[in-house]
Structures are given as structure tokens and as C-alpha cells.
Amino acid sequence: MIEARGLSKRFQDKKRGEIRAVDNVSFRCEPARIYGLLGANGAGKTTTLRILATILEPTDGTALVCGYDVVEEPEKVRANVGFLSTATALYPRLTAQELVEYFGRLNGLDEATLKKRVDDIFNRLDMNSFRDRRCDKLSTGMKQKTSIARTLVHDPPVMIFDEPTLGLDIMTARTITAFIRECRDRGKTVIFSTHIMSEVEKLCDVIGIIHDGKLLTEGTLAELRQRHGEHDLEEIFVKIVTPLQSKVEV
Amino acid sequence: MNLNAIRIVYSKEFTEWVRDRRTLISTVLVPLLLFPIIMVGFSALAVALVGKAEKETPKIMILGGEDSPQVLENLRKVDYLEIAPYSANWREQISEKEIRAAVDIPPGFQAALGRGDAKTVTIYYYLGELKSSLGADRIEKFLKEYRDEVVKGRLAARNVAASVLTPFDIQQQNVAPPEKVSGATVGGFIGYLVVLLCMTGAMYPAIDLTAGEKERGTMETILSSPISRMDLVLGKFFLVLSAALSTAALSVLSMGISFSLLRHFNASSGSGRGEAEGLLLQLGPRAVAFIFVMALPLAVLFSAVLMTIALFAKSHKEAQSYLTPMTFLVVIPAVASLLPGVELTPKLALVPILNTSLVCKEIMTGTYHWNSIALIFASTCVYASVALFLAFKTFQRESVLFRS
């Protein structure tokens with residue numbers, strides 16, 4: 001379970017002054033549900049998810065992940081989270097198996113459990129053919145599978161995906177979306193960010209639309225359709241974001 | 001602090017480190033091959049080149065001297081010079097290395113000798129060109145011998161003994177043991193190299209484990225794992241330190257082997273006799289152990305400083321541009337220790353890098369000033385701790401880790 005309470009993140013930029021990347025964002029993600037954070041580039045999705053994964057610290061507010069506070073107990077939060085994004089690359093000189101084992105050990109798994117877990121994941125994801133191949137020699141699809149194995153090795157109850165299909169071909173992207181669904185089916189709390197409407201429509205149980213660091217609306221797809229009188233998610237998104245966009249432009 | 005987590009990070013970094021060819025070159029190959037190439041290779045090459053040049057009979061030209069037939073006759077008689085026929089473009093011939101040197105016998109030289117007047121004989125040569133210098137030296141040798149003969153003749157004509165010119169002899173005698181002589185001459189160089197190689201050994205892994213992680217996109221991956229930032233920094237730091245110390249250890253080992261080879265080379269070529277033998281370094285286990293102990297806090301200092309600076313960079317290239325000026329900051333105090341007259345004082349014992357270079361020099365001469373050693377070790381430990389603390393703090397800064 002994830003509960004964000006008034007999360008804010010401000011950065012100082014030499015040219016632009018203070019930037020509010022995330023501005024008083026609150027939401028809840030429940031177990032066995034997929035929460036989709038939908039927003040354009042620079043809307044604050046990555047910063048929000050990085051705060052939830054304790055990679056960044058909030059300027060104001062906090063969040064609870066599996067009951068642990070992201071500010072007070074960041075290491076416990078990370079032990080309960082699997083974080084995957086296109087920015088989370090692999091160590092090129094380790095083999096796929098070594099990489100997964102490394103993260104298993106960092107998560108405190110003992111050797112017997114680790115071996116069992118690695119064998120299980122490698123079988124499930126059909127990774128045995130390249131388990132001893134170095135990561136810099138893997139294809140994009142193999143790399144994505146290895147990244148998935150890394151996030152799964154400690155079997156975390158919460159999964160955070162930051163634009164996980166960005167720049168991937170259709171087949172690799174399908175592997176990722178199938179994996180996200182599987183996480184939900186296994187009862188995990190899932191939050192993922194994207195700007196691809198079709199992904200949100202296909203995957204998400206709850207959708208939050210974020211723009212300029214603010215969470216403008218949230219609800220199920222049906223609720224959003226009803227609330228905004230539009231069927232197409234893209235139209236709903238534009239309707240919500242445009243008044244604010246024109247205000248910014250004025 | 002979680003020792004197991006530090007060990008896990010260290011062993012992973014170690015695995016990646018040994019699989020990197022660039023690491024093998026900078027940490028293993030360079031220190032292992034540098035000294036044999038510099039010392040044995042260059043020595044052998046220099047000896048061979050000088051030997052070859054010495055064996056050659058230099059071709060020279062005589063300018064003038066038509067009215068000094070005796071001088072010319074004597075000059076033509078010596079077997080260590082070959083006389084080329086006169087040509088007006090003799091300057092060009094020297095520059096083009098067709099002849100090695102030319103000697104200008106002034107008009108009326110022989111007659112002036114007879115009168116007892118002093119005239120100047122000029123030797124023309126190509127400055128900086130070995131064979132030309134050897135040619136000029138041989139002309140000078142002939143002229144000095146000829147001058148001595150003239151002086152002897154004049155003294156004999158006046159019934160004065162030749163010994164009047166040398167009423168007493170002067171002799172210099174070394175009393176310092178060979179290890180002190182070698183320490184004083186090449187000891188400073190050892191300290192300089194240990195300092196420099198400690199830094200170069202740490203530089204590449206420091207960049208790879210910080211800016212390299214950012215560039216490859218693995219920084220976010222590792223930061224999303226439950227390891228604490230302190231344990232992560234320490235795991236990485238110990239790897240950088242290992243690289244620095246391995247480079248220093250391999251260079252000291254390579255140095256020892258090189259000196260043994262050089263001694264063997266000199267003994268077999270017969271050039272290692274007498275004073276020159278004293279210049280060969282005696283690297284005893286005690287001296288090696290002490291140099292290593294003194295290099296330890298310095299390696300900690302370098303590792304922490306290099307990691308901190310490299311972390312600010314977004315890429316290998318940017319990190320290299322930050323760290324290259326660091327090389328000058330390290331080389332300047334290290335070179336200062338080589339300057340004549342720069343000796344270890346309580347004030348200099350507090351100057352980082354310079355103090356370690358100077359103490360290495362002292363250790364190489366077999367001198368152990370325990371107070372200075374303790375002061376240097378302690379002060380370098382303090383600097384190293386401050387640098388390590390800065391590295392921790394830098395790893396906590398989001399603006400540095402996610403600089404875009």
C-alpha cells in the first residue's frame with residue numbers, strides 16, 4: 001500500500017529560480033490495484049515516483065509505503081519496493097545472473113533462498129539461455145527481462161514503474177505490460193507513470209492526472225469519463241490540462 | 001554501518017573492475033611495465049646508442065692552419081679523428097651531420113706558440129647532437145694534449161720540473177654506506193613515483209564508480225536498493241583504495257625487479273663497478289614496508305578526494321576534465337620533494353603529499369625520524385578522514401547525484 005500525503009518537491013535552478021516539480025500531491029494506491037500516473041513530459045511523474053522509491057527526499061509532506069515513512073525509514077521502504085524505469089540500467093560487466101544475485105544479496109536474502117528465488121524467476125521469465133551472458137551483450141528484450149528479475153528477486157509487495165516502456169519496441173513493451181498485470185494479479189500494489197493513453201486504458205484500475213507538479217484529478221476510467229463527459233481518455237486529459245495550460249501561456 | 005552490505009558492494013565492484021581491460025592497463029600493466037621500460041629499457045638503449053656513437057671515428061674539418069704545418073701534421077696523425085677535405089659550406093655540413101665538427105686554427109698560430117703569445121682555437125659543433133659533441137670533445141682532447149706538450153717543452157727549456165704545475169693532488173672520498181648514497185640520489189624519485197602512481201591507480205576506478213555509474217544509468221538502479229548511502233560509498237571507496245594500493249604495490253615490486261635487472265645488466269656489461277654501483281637502489285623489506293604504511297593514508301586521501309570530485313561529473317569525459325588539473329596539484333608537491341635542499345621539517349611534515357614524498361626519501365636513505373613519521377601519518381590520516389567525510393556528504397546531495 002502507498003499513501004502520499006501532501007508531497008512537494010522544489011528544486012533551485014540558476015536560470016529559472018525555484019521550480020516546483022511536485023506540488024502538494026496526495027493519493028492512495030491499494031494492493032492488487034494498478035495506479036496510473038498520467039502526465040506530459042515534465043509534469044512531475046518521475047519526481048513523484050523517485051520520492052516514493054526514496055531516491056529523492058520530499059521538500060514537504062511525506063508518503064507511507066507498506067507503513068514505512070519515506071523520510072524516516074527510507075531503507076525499509078526500499079526493501080519493500082521494486083523500482084523499474086528506463087533510467088535504471090544494468091551493470092554491463094556482470095552477467096544477468098550475477099546482477100540479479102547482487103540485488104538479492106543487497107536485499108538481505110540468504111544464499112539458499114537467493115538460489116531458489118533466482119532459479120524460479122529465470123525459469124518463469126525464460127531467461128536460462130542468457131543467464132551467464134554479460135549484460136552488455138544482451139538484446140533490449142533480454143535486458144528488460146533482467147531488469148524485471150532484479151525488481152522481483154526480493155519479492156517486494158510494492159512495484160513502482162517509471163515510464164517502463166519508453167523507447168521500447170512493441171514486443172518488449174508487451175513483456176513489460178504483461179509483467180505489470182502479473183504483479184497486480186499476485187496482489188502487489190502497483191504504481192506506474194506514463195504519457196501513453198492506451199497503456200493507461202489497458203492497465204490501470206485508478207488513474208491520476210498530473211500536470212505542472214499538481215495532481216489535477218483521479219479516479220477509475222469510468223469515473224473520469226462520467227466526470228468529464230468524454231469517452232476518450234486523450235480528450236479527458238486535454239480537457240483537464242488545457243485550462244491550466246492556457247493560464248500558464250497567458 | 002553494515003559490514004556485510006559493504007562487502008557485497010565491494011565484491012561486486014571488484015568483479016566488474018577485474019573484467020575491465022582499461023583497469024588492467026592502468027592498474028596492473030602500466031605500473032608493472034613502466035619501471036622495467038624506463039630503467040632497464042632506456043638504460044640499455046642509452047648505453048647502446050652512446051656506445052655506438054663512441055665507436056664511430058668522427059669526421060671533422062680543419063679551417064685555416066696553412067701556416068701551422070706542425071699542428072696540422074699532429075692532428076692528422078691521431079687515429080680517433082678522420083679529417084675531411086676543406087669545404088666552404090662547413091657550417092651547413094655540420095648542421096646536415098655530414099661532418100661532426102670543425103676546428104679553426106687561427107692565422108700565425110704556430111708562430112704565436114713559438115713566441116709565447118696566446119691565440120684562441122675555436123671548435124664548431126652542433127649543440128645537443130651527441131655525435132657532434134663527441135667529435136668536438138675529441139678535438140678538444142687532442143688540443144689539450146698538444147697544449148700540455150707545449151707547456152712541458154717550455155718548462156723543460158727553462159729547466160723547471162713539470163711537477164711545478166701540480167704542487168698537490170685533490171681527492172674526494174665517499175664515506176656514506178651504499179644504501180644511503182642510493183637513497184639520497186634516487187630515493188626522492190621513489191617517493192615521487194609512489195605518490196603519483198597511488199593517484200593514477202585510484203583515478204580510473206574513482207571515475208568509473210561515480211561518473212561512470214551516472215553515465216551508464218546504473219546510479220538510479222543502485223540507489224533504489226535498500227543499501228544505505230554510507231555503506232554504498234564505503235564499498236566503492238574500498239575498491240578505489242584497493243586499486244590505488246595495488247598500483248603502488250605493483251610499482252614498488254616492479255621497481256625492485258627493475259633495480260635487480262639493472263644491477264645484473266651493469267655487472268654483465270662491466271659498467272657497474274666503483275661509484276656507479278653505489279647508485280643502485282637497495283630496496284630492503286623494512287623500507288618497502290614503511291613506504292607502504294606511509295602511502296596508506298595518502299591512498300585513502302586520494303581515493304576519497306577523487307571520488308568526491310568525479311561524482312560531480314555526469315560522464316567519464318567530464319570527470320577526466322575535472323581530475324586532470326588534480327594531477328598538477330599532486331605533481332607539484334611531489335616534484336618539490338626532489339629539489340635539492342628541500343628536507344623534512346616539522347612544518348613541511350604537515351603539507352600533504354610533499355610530506356609523504358619527503359619521508360619516503362628519508363626512509364630510502366635508512367633514516368627513520370620517528371617523530372616526523374608519526375606526525376606525517378597522523379596529519380595525512382586527518383586529511384584522509386576529512387576527504388572521506390566529504391565523499392559521504394556529496395553522496396547525500398541530490399543536486400550532485402541527479403545533476404542534469
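Q: What share of the contacts in chain B between residues at least 6 apart in sequence join residues at least 24 apart?
A: In this predicted model, 79% of the chain B contacts between residues at least 6 apart in sequence join residues at least 24 apart. A pair is called a contact here if its C-beta atoms, placed from the backbone, lie within 7 Å. In chain A, 66% of the contacts with a separation of 6 or more come from residues 24 or more positions apart.

Q: How does chain B stand against the value for a compact globule of 404 residues?
A: A compact globule of 404 residues would have a radius of gyration near 22 Å, whereas chain B has 31 Å. The C-alpha trace of chain B spans about 100 × 50 × 40 Å along its principal axes, and the chain contains 16 helices and four strands.

Q: What makes β1(B), α3(B) and β2(B) a β-α-β unit, and which hand does the unit have?
A: Strand β1(B), helix α3 (residues 69-77) and strand β2(B) make up the unit, and the unit is right-handed. Strands β1 (residues 59-64) and β2 (residues 82-84) of chain B run parallel and are joined by three bridges, with K59(B) opposite E82(B).

Q: How do you know that β1(B) and β3(B) pair, and in which sense?
A: Two strands count as paired if at least two bridges are found between them; β1(B) and β3 (residues 101-105) of chain B have five bridges, in the parallel sense. One of the residue pairs involved is I60(B) with its bridge partner A101(B) in β3(B).

Q: Why are β2 and β5 of chain A said to stand at the edges?
A: The open sheet has four strands in the order β2-β1-β4-β5 (chain A), with antiparallel pairing. Strands β2 (17-29) and β5 (68-69) of chain A each have a single partner strand, so one side of each is left without a neighbour in the sheet. For β5(A), two bridges join this strand to β4 (residues 60-65) in the antiparallel sense, and V65(A) stands opposite Y68(A).

Q: Why is helix α14(B) described as largely enclosed by the rest of the structure?
A: Eleven of the eleven residues of α14 (residues 354-364) of chain B are buried, so the helix is largely enclosed. Among the residues that are buried are L354(B), N355(B), K361(B) and E362(B). The helix is followed by G366(B), whose phi is positive, near 85°. As for the chains as a whole, 38% of the 404 residues of chain B count as buried, and 43% of the 250 residues of chain A.

Q: How many residues of domain 1 of chain A touch domain 2 of chain A?
A: Domain 1 (1-80 + 158-250) and domain 2 (84-155) divide chain A, and 14 residues of domain 1 are in contact with eleven residues of domain 2. The largest share of the domain 1 side, five residues, comes from α6(A). By class, this side has nine nonpolar, three polar and two charged residues. The centres of the two domains, taken over C-alpha atoms, are 26 Å apart.

Q: Which helix gives the most to the side of chain B that touches chain A?
A: The contact takes 19 residues from chain B and 23 residues from chain A, and α1(B) gives the most to the chain B side, with five residues. That side divides into five nonpolar, seven polar and seven charged residues.

Note on methods
Residues are numbered from 1 along each chain as its sequence is written. Chains are lettered from A and ligands numbered from 1 in the order in which they are written. This is a predicted model: local features need pLDDT of at least 70, side-chain atom pairs count only at pLDDT 80 or more; totals for chains, interfaces and linings use all residues. Domain bounds come from an automatic or database domain assignment. Two residues are in contact if their C-beta atoms, placed from the backbone, lie within 7 Å. Ala, Val, Leu, Ile, Met, Phe, Trp, Tyr, Cys and Pro count as nonpolar, Asp, Glu, Lys and Arg as charged, and the others, Gly among them, as polar. A crossover is right-handed if, with the strands pointing away from the viewer, the path from the first strand over the helix to the second runs clockwise. A residue is buried if 20 or more other C-beta atoms lie within 10 Å of its own, exposed if 12 or fewer, and partly exposed in between; C-beta atoms are placed from the backbone. The radius of gyration is taken over C-alpha atoms; the globule rule is 2.2 Å times the number of residues to the power 0.38.
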